[in-house]
Amino acid sequence: MHTITIGFIGTGRIAKALIAGLVRDNNNEISGYDKDPAVADAVCKEFGITRKNSMSELVQSANCIVLAVKPYQIETVLEELRRELRPDQLLISVAAGITSEFIRTRSLEEMHVIRVMPNTPAFVGEGMTVVSRGKCATDADLAQAEKIFSAIGKVAVLDEIHMDAATAVSGSGPAYMFHIIDALAEGGKQCGLSDDEAVTLSAQTMLGAAKLVLESQKKPAALIKDVTTPGGTTEAGLHQMEAHNVRQAMIDTVTAAAQRSVELKQ
Ligand SMILES: NC(=O)C1=CN([C@@H]2O[C@H](COP(=O)(O)OP(=O)(O)OC[C@H]3O[C@@H](n4cnc5c(N)ncnc54)[C@H](OP(=O)(O)O)[C@@H]3O)[C@@H](O)[C@H]2O)C=CC1
Ligand SMILES: O=C(O)[C@@H]1CCC=N1
């Protein structure tokens with residue numbers, strides 16, 4: 001099997017989730033560099049990957065470079081990186097809002113750039129990653145990115161114009177799902193469950209509901225009907241969700257996140 005050498009620039013929150021998933025694939029050889037040595041040290045030790053002492057050292061040894069710094073830090077990183085990059089390397093960015101063209105025009109003219117929006121459930125191999133091809137990226141680059149990220153969950157290839165929406169739904173989405181798990185559990189606690197019991201019941205219910213949507217071929221609306229016995233408990237609960245307009249709150253949540261992704265480009 002062909003080994004892929006992947007170097008992470010920035011080993012913060014999302015890099016850690018990706019590295020945790022990617023180290024399980026023996027075909028990957030992973031290294032990391034962070035400007036905060038303590039952050040790099042912790043992640044590299046925890047997952048047994050190689051810690052590089054500089055960006056330059058990392059770039060020389062990787063054929064695939066993942067930019068995992070905050071969106072506003074991308075330009076500074078590229079200023080330092082462009083002299084080291086080679087056109088045969090694949091540059092992957094996970095930064096929200098930052099376009100592949102922004103990255104290409106600030107790296108090498110012919111740079112193969114793939115824009116990716118992963119999410120933290122990659123940590124447990126259940127990530128949802130959206131992948132978009134930059135101007136100079138080839139079919140082989142796209143296949144390479146799909147291969148890397150399919151080891152840590154599902155991958156969808158979308159046109160880059162859909163990246164703001166994807167960022168809002170699946171990139172930020174885990175935070176919204178954790179919020180709902182927490183609120184569902186809080187309801188359980190107020191009805192007498194212990195903290196642990198409530199979180200287990202709530203989280204497993206989220207997991208099972210998601211699995212049923214993905215595997216049953218039924219739409220969520222039909223699955224709601226399957227739970228709702230006329231005159232029963234679910235109906236009583238759903239009336240409250242409607243009264244509080246939870247559906248509209250979720251729609252507003254996603255549109256606000258997508259709008260923020262648009263703003264991050266400015
Ligand atoms: N968190 C998530 O779930 C997701 C995040 N993303 C994207 O991933 C990127 C990183 O986000 P996140 O992991 O949350 O952020 P973090 O702040 O946790 O991680 C970024 C890390 O990069 C470091 N860094 C900054 N500049 C450099 C540099 N020049 N060289 C090396 N390391 C550097 C930061 O150090 P310091 O803090 O000192 O600046 C920090 O440790 C963002 O662009 C975000 O949009 C995408 C999908 C999901
Ligand atoms: O909050 C953020 O901006 C990043 C992008 C998607 C998830 N986290």
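Predicted model: local features only at pLDDT ≥ 70, side-chain atom pairs only at ≥ 80, totals over all residues.
Me: How do the residues of the shell around ligand 2 divide into nonpolar, polar and charged?
Reply: The shell around ligand 2 has 1 nonpolar residue, 3 polar ones and no charged ones. Here Ala, Val, Leu, Ile, Met, Phe, Trp, Tyr, Cys and Pro count as nonpolar, Asp, Glu, Lys and Arg as charged, and the others, Gly among them, as polar. Residues are numbered from 1 along each chain as its sequence is written, and chains are lettered from A and ligands numbered from 1 in the order in which they are written.

Me: Thanks! Which residues surround ligand 2?
Reply: Ala96, Thr167, Gly171 and Ser172 do. A residue is near a molecule or strand if its C-beta atom, placed from the backbone, lies within 6 Å of it.

Me: And ligand 1, which residues come nearest there?
Reply: Gly10, Gly12, Arg13, Ala95 and Ala96, out of 27 residues around ligand 1. That shell divides into 15 nonpolar, 7 polar and 5 charged residues.

Me: Which element gives the largest share of the shell around ligand 1?
Reply: Helix 1, with 3 residues. Helix 1 and helix 4 (74-81) each supply at least two residues of that shell. Helices are DSSP runs of H or I with at least four residues, strands are runs of E with at least two, and both are numbered from the N terminus.

Me: Is helix 1 mostly covered or mostly open?
Reply: Mostly covered: of its 10 residues (13-22), 8 are buried. Buried means that 20 or more other C-beta atoms lie within 10 Å of the residue's own; exposed means 12 or fewer, partly exposed is in between, and C-beta atoms are placed from the backbone. Among the buried residues of helix 1 are Ile14, Leu18 and Leu22.

Me: What do the buried residues of helix 1 pack against?
Reply: They pack against strand 1 (4-9), strand 2 (28-33), helix 2 (37-47) and strand 7 (127-133). Contact here means that the C-beta atoms of two residues, placed from the backbone, lie within 7 Å.

Me: Switching to the sheet: what is the strand order?
Reply: This open sheet of 8 strands runs 3-2-1-4-5-6-7-8, with mixed pairing. Strand 3 (50-51) and strand 8 (153-157) are the edge strands, each pairing on one side only. Two strands pair if DSSP finds at least two bridges between them.

Me: How many bridges do strand 7 and strand 8 share, and in which sense do they pair?
Reply: There are 5 bridges, in the parallel sense. Thr129 has Val155 in strand 8 as its bridge partner.

Me: What about strand 6, how many of its residues are buried?
Reply: 6 of its 6. His112, Ile114 and Val116 point one way, while Val113, Arg115 and Met117 point the other way, and all are buried. In a regular strand the side chains alternate between the two faces of the sheet. Strand 6 is joined by 4 bridges to strand 5 (90-93), and the two run parallel. Arg115 in strand 6 is the bridge partner of Ser93.

Me: Which helix lies across strand 6?
Reply: Helix 7 (163-171) lies across strand 6 (112-117) and strand 7, at about 40° to strand 6. Axes are lines fitted to C-alpha atoms, for helices over the stretch in contact, and angles run from 0 to 180 degrees between N-to-C directions.

Me: What does UniProt annotate for residues 160-264?
Reply: The unreviewed entry has "domain: Pyrroline-5-carboxylate reductase dimerisation" there. In the model that span is 83% helix and 0% strand, with its end C-alpha atoms 15 Å apart. The entry also places "domain: Pyrroline-5-carboxylate reductase catalytic N-terminal" on residues 5-97, a span that is 39% helix and 23% strand. UniProt positions are given in the numbering used here, feature names are shortened, and annotations may be inferred rather than shown by experiment.

Me: Last one: is Gln217 buried or exposed?
Reply: Gln217 is exposed, because 7 other C-beta atoms lie within 10 Å. Gln217 sits in the loop between helix 9 (195-216) and helix 10, and its phi is near 65°, a positive value in a residue other than glycine. Asn245 also has a positive phi, about 50°, although it is not a glycine. Asn245 lies in the loop between helix 11 and helix 12 (246-264).
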